Amino acid sequence: GAALPAGAPAPVPARHQFSDPAEVEALRGNLLAWYDRCKRDLPWRTLAATEADADRRGYAVWVSEIMLQQTQVATVIDYYNRWMQKWPTLQALAQASLEEVNELWAGLGYYSRGKRLQEAARKVVSELAGHMPRTAEDLQKLLPGVGRYTAGAIASIAYGQATGVVDGNVIRVMCRLRCIGADASSPAVIDRLWDMANALVDRSRPGDFNQALMELGATVCVPKAPLCGECPVKQHCQVWRRKLFGKPIPVPDVEDCGVGDCPLCPPATEPWDSSLGVTNFPRKAAKKQPRVMRTATCVLGRRGSCGTPEYLIVQRPSSGLLAGLWEFPSLPLSQDLQEKEEREVLADHLQAWMGQPVTAKGLRFIGEVTHIFSHIHQTYVVYSLPLDGDVTLAPASSPSRWVTEEEFHASAVSTAMKKVLK
Ligand code: SF4
């Protein structure tokens, strides 16, 4: 075939798209018919359907979308009704005090949502003559706190713009409908899902369609135990149609895209697990196994001027792990060293700091300290080396200093090093 222009994204294989217009029509029809039959009666849905004033209608949907971020529908209903009763218009909200807003919001959580909503309402009143922007693009551009999702929701539900939405529910449903097993949190996959949502949204009832898709995800295509048997779009669902649910098929599936590195299929190294059926999708980023590391560290001690014990700490490089923090002289160990060898490499390392011979036998083994950083399981093998008399250290390549215990705790040392000293 013709060569792709350099940098052009690879074409998306048909199975990850809604490419058959007849199927798209059928899917829209089935989903909307189900929605008409089963949708929950919610106050903002009533307002969106009955409010004749376009600015009031957009405002009513906007308030519901902000309240529904991070809060359950059942909790939102009561707050929503009280809010709309108190401030039925943007103008009314713009005149409210922040205190009143916070009072009404109390218990809903994430208070900044209420505050931002009110600030945005003031902006619409003062800068846009009280008129809500009518398209997703303008809503996102002009209203503070309104992101891509909220803008799409308001534009489609209140203004009938044929624009899609992608939220957590939509991600799950789409990944299942189209067998998208690539990491659904990656920007490239999210972009594809937005394209799909925009292509799929019903042209004459976009708001209902978007709400239907989200409602399907919230009530039928739920994360753990989807009710595929009752699903109105199961005949359009790739995962369901291929009867993957509960019926193991050989893995990797040769019917997958047929290309080795499809950007939307599960990675070849992590094929889907047939025992999980449809809940293989969406795929979350694989948790990285913690890296296991062993580090030898030595607490070098001396008597300071007044007889107080002092310890040598050295500074880590200014980049990389624990950059710039102070620690006892330490040395990462390879996994396969015997104890005797560990002592020897540590003694060599200390010699570089001290400028005088250190014998491995002089090192006293104290114990092991384990510490878990975000992605590293670190074991410190702790030794001590008491020094007698007046020790002058060789000027080393990175900063080092002697500190009392008190100074140690006041220094930029990691939690792990505090454990080591203990
Ligand atoms: Fe979700 Fe099952 Fe419906 Fe597919 S058939 S969309 S997996 S509920």
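Predicted model: local features only at pLDDT ≥ 70, side-chain atom pairs only at ≥ 80, totals over all residues.
Residues are numbered from 1 along each chain as its sequence is written, and side-chain values use heavy atoms, with hydrogens and water left out.

**Entry: cavities**
I found three cavities of 30 Å³ or more. A cavity here is a set of points on a 1 Å grid over the protein atoms alone where a 1.4 Å probe fits but cannot get out, and lining residues have an atom within 4 Å of a point. Points are joined across faces, edges and corners, and a volume is the space filled by probe spheres set on them.

**Entry: largest cavity**
I noted a volume of about 120 Å³. Of its 15 lining residues, Arg-176, Cys-221, Cys-228, Cys-231 and Cys-237 are the closest to the centre. Helix 10 (residues 168–177) gives the most to this lining, three residues; helices are DSSP runs (H or I, at least four residues), numbered from the N terminus. My opening question has its reply: 13 nonpolar, no polar and two charged. Ala, Val, Leu, Ile, Met, Phe, Trp, Tyr, Cys and Pro count as nonpolar, Asp, Glu, Lys and Arg as charged, and the others, Gly among them, as polar.

**Entry: second largest cavity**
This one holds about 60 Å³ of space. I see Trp-62, Ile-66 and Arg-113 among its lining residues. Helix 7 (112–127) and helix 3 (54–68) each supply at least two residues, with the largest share, three, from helix 7. I logged four nonpolar, two polar and two charged residues in this lining.

Notes. 1 Å grid on protein atoms, 1.4 Å probe; cavity = no way out; pocket = protein on both sides within 12 Å on 5 of 7 lines; lining within 4 Å.
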